[in-house]
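Please read them with the structure open beside you.

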Amino acid sequence: MSTIRFLCLLGAAASMAACADSIKPGASVPMSLSFATAPSSGASASASLSPVSPQFDVTTTEGANTLVITKAQVVVARAELQLSGATCASEADAGDDADEAHGANDGEHSDCESLELAPSVVDVPVTSAVVSTLNVMIPAGTYSALEAKIRPVRANNGHGSAAFLTANPTLAGVSVRVEGTYNGTSFVYTGSPEAKLETEFSPPMVVGASPVNLTVNVDISTWFRSASGALIDPATANAGGANANVVASNIKRSFRAFRDDDRNGHDDKDDQRGH
């Protein structure tokens, strides 16, 4: 088995059951995939409590402009772990759902066994918390890389895409959705950037008897900034807007994954060095 593939981040009991049914013989080690938010320089994560329930946000202030992000969602089409020394000849071999929709079949990627689950929405935390969104069992072994794809789900993608769109009609053709305020005015940003996250583990990640966690750090404070660093009004970044391409490019560059077994939002290698 050259890859362990997850076509969703588990968000419902039905998905959890589907995952359990798809586990291959020999799977024995718990693994989680978590998401965290890392504000860049000049951005501050703030939290305030309302009388009814906690309200959290990521706030960026520059001059007279203030951007407040209260909710951020990304659509994860698939993610996979690659065993050291193993490769897939193509994305179709790796079981990419979009390629399968264009004619690839199961026989074409028999060398890349996978967990075949539906796409899902990830709520990127807008607090300092590290939030686990995927929990599966994987075989012990040595893994060289993590690959994930963030992209819109369309009706012809297969692998649960129809059920996903039924459950999330507002996310048809959308890979990122953000809510918040800009200078006090509410906004909803929806975009369709396609981000391919590839992280090589150096040294390779050895999975033994202990649980493993990988964290995807998303610096959402960089999403609405120009090349000069100035804040962008999200209202100008939706499809057809003057800043649509700038924001889409920022989103693509904002993801980074690393091993984070203690779920503190930092690369375990940095923790070991004392950083």
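1. Is R263 buried, exposed or partly exposed? R263 counts as partly exposed, because its relative accessibility is 38%. Buried means under 20% relative accessible area, exposed means over 50%, and partly exposed lies in between, with a 1.4 Å probe and protein chains only. R263 sits in the loop between β13 and α5. Its phi is near 55°, a positive value in a residue other than glycine.

2. Some ground rules apply to these notes. The model is predicted: local features need pLDDT of at least 70, side-chain atom pairs count only at pLDDT 80 or more, and totals for chains, interfaces and linings use all residues. Residues are numbered from 1 along each chain as its sequence is written, and side-chain values use heavy atoms, with hydrogens and water left out.

3. A second residue to check for its backbone angle is N183, with a phi near 50°, again positive in a residue other than glycine. Most residues other than glycine have a negative phi. N183 is found in the loop between β9 (176–182) and β10. With 40% relative accessibility, N183 counts as partly exposed.

4. The chain as a whole has 5 helices and 13 strands. Helices (H or I, at least four residues) and strands (E, at least two) are DSSP runs, numbered from the N terminus. The chain has 275 residues, and 47% of them count as buried. Its accessible surface is about 12,400 Å², with 52% belonging to carbon and sulfur atoms; such areas come from the Shrake-Rupley method with a 1.4 Å probe, and for residues only the protein chains shown count as cover.

5. How much of the contact in the chain joins residues 24 or more positions apart? Among contacts with a separation of 6 or more, such residues account for 77%. A contact means heavy atoms within 4.5 Å. Leaving out residues up to four places away in sequence, A145 touches E80, L81, Q82, T199, E200 and F201. A145 and Q82 are 63 residues apart in sequence, and their C-alpha atoms are 5.3 Å apart in space. A145 counts as buried, at 17% relative accessibility.

6. The whole structure holds 2 aromatic pairs. Rings of Phe, Tyr and Trp (its six-membered ring) pair if their centres lie within 6.5 Å; planes under 30 degrees apart count as stacked, over 60 as edge-to-face and the rest as tilted. The pair of F187 and F224 is edge-to-face, because the ring centres are 6.0 Å apart and the planes meet at 70°. F187 belongs to strand β10 (residues 185–191) and F224 to the loop between β12 (212–218) and α4 (244–252), so this pair ties together parts that are 37 residues apart in sequence.

7. Y189 and F224 form an edge-to-face pair too, at 5.4 Å centre to centre and 85° between the planes. Y189 lies in strand β10 and F224 in the loop between β12 and α4, so the pair ties together parts that are 35 residues apart in sequence. The relative accessible area is 8% for F187, which is buried. F224 is buried at 0%, and Y189 is buried at 2%.

8. On a 1 Å grid over the protein atoms alone, a cavity is a set of points where a 1.4 Å probe fits but cannot get out, and a pocket is an open set with protein on both sides within 12 Å along at least five of seven lines; lining residues have an atom within 4 Å of a point. Grid points are joined across faces, edges and corners, and a volume is the space filled by probe spheres set on the points.

9. The largest pocket holds about 280 Å³ of space. Its lining has 16 residues, and F201, P203, R259, D267 and K269 lie nearest its centre. β11 (195–207) gives the largest share of this lining, 8 residues.

10. There are 2 cavities of 30 Å³ or more. The largest cavity has a volume of about 70 Å³. Among its 11 lining residues, F35, V76, A148, L197 and V216 are closest to the centre.
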